[in-house]
Amino acid sequence: MYWQVLLRLRWLLGGAIGLAFAIGRMLEALWFEPETPLTRVFGDVAAWGLLGGLAVWLTLTWVSRQEQRYQAGLEQALRDQQRAYSQLALLSEVNRRIVDSATLDDILDAAMTFPRRLVPARATAVVLLNPNGFVEARAQGMPGEELSRLRRALGIADNVATARQPQMIERSGCACLVLPLHDGMALLGWIELHLEDPLPVASDELALLETIANEVAEAIASARRRSREERAIYQLERAIAEERARIARDIHDGIAQSLAFMRMRVDLWLDWIEHDPQRLRAELLELKTTLREQIRELRRAIFALRPVQFDELGFVGGLRRYIVEFAGQHNWDIDVDLTGTPSTIPPEIEAVAFRVVQEALTNVAKHAAATRVEVMIGRVDEGLQIVVRDDGRGFDPGALPDAPGHVGLRQMRERLAALRGQLTILSRPGAGTELRAWIPLPMGAREKAVQG
């Protein structure tokens, strides 16, 4: 406190000390050296007074500068300490979130959330690798087409293939901070932070981002292993029985009936060989069309037997890939919106939700003659709602209970009823069809959905 008072009064003190020094010097010259000329006395007084005042002022100014540097150093140390504490708190929160994550989808949500706390980004994405390439498992802040275009323009897939540390990729006015996800042995994917401006990121923040990416990568690897084990054990016999029943139903409703019909027609063709060859020719042309349709039915059945990669991509990523590939088989214009899917869904609800989507898409392929299909999943009234909409030929839902060839819809209703769910079908001839399924979520899944 005393030093601060002296510093504020350094001009006054410097002048007072200089004046006192000058007066003392003048009195000394007059009393002890009376023969000294008066001009010399005043010259000595002025010179020594000025030098004394300047010395005092310089001394106090130097002390002031040192005090300012000391205070600035203290403030910077406090800021650095607060920054370190906030980063440790963030890392601790990441660890808690990952430990509490019950599913791969919850971990991917954490991978989307925490890096943005350090680096503000206009768009974020999590990309995961599988044997067939890379799949966008999560995206936020930008339409999918624009994000894919940026990804190609920046060459992210090529740059990150051999990277082990965060990379800032800049090209054509675009910038993206990429965080590779390594489990210690292989590249699992990466996190993309698309920035508004290519601003530099502090070294300590880059180190923290790398640590967060490593934590997420280990959690993804552990979740995949855990998911594979759980899914291998979970009601295996029931799943086999359901799959057998579905395949048998598809074959019976489609291929078996068509083959039985053709067998009966063959008996007539044997008589037409001699008596009506022109009619036989027309029948054979029709047979060719029928066989083409049966080949498509077989391909649909084979595609349905392919395993869905929920273990590798999570429920949302695996379901998205299945829908897009199924649409590609039928040349549909597809619109998929799974952004409202909760992070934590019990396995039994995941299984039913997938079967509902699978059966709905199969019915569209068999009966609708559609060109555009929309699939949406989200939270509605504390439950999971699934909507599948097409622009096909439509039908009368009131005729379904007695209509043959719609066993799949009855199976859907039975599966949903077992979970206290509901199925609604909106359609009319010539106006397309909308299927809505609703499944109540357990309390734990609801809470996770709200937090996510």
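Biologist: Buried means under 20% relative accessible area, exposed over 50% and partly exposed in between, with a 1.4 Å probe and protein chains only; how many of the 452 residues of the protein count as buried?

Modeller: Of the 452 residues, 40% count as buried. This is a predicted model, in which local features need pLDDT of at least 70 and side-chain atom pairs count only at pLDDT 80 or more, while totals for chains, interfaces and linings use all residues. Residues are numbered from 1 along each chain as its sequence is written, and side-chain values use heavy atoms, with hydrogens and water left out.

Biologist: Why does Ser 427 count as buried?

Modeller: Its relative accessibility is 17%, and the limit is under 20%, so Ser 427 counts as buried.

Biologist: What makes the link between the side chains of Ser 427 and Thr 433 a polar contact?

Modeller: The two side chains are joined at 3.0 Å, and a polar contact is a pair of N or O atoms within 3.5 Å, where within protein one must be able to donate a hydrogen and the other to accept it, and residues adjacent in sequence count only if both atoms are side-chain atoms.

Biologist: Why is the pair of Phe 326 and Trp 332 called tilted?

Modeller: Rings of Phe, Tyr and Trp (its six-membered ring) pair if their centres lie within 6.5 Å, and planes under 30 degrees apart count as stacked, over 60 as edge-to-face and the rest as tilted. The centres of Phe 326 and Trp 332 are 5.7 Å apart and their planes lie at 40 degrees, so the pair is tilted. Both residues are buried, and one aromatic cluster is formed by Tyr 322, Phe 326, Trp 332 and Phe 354.
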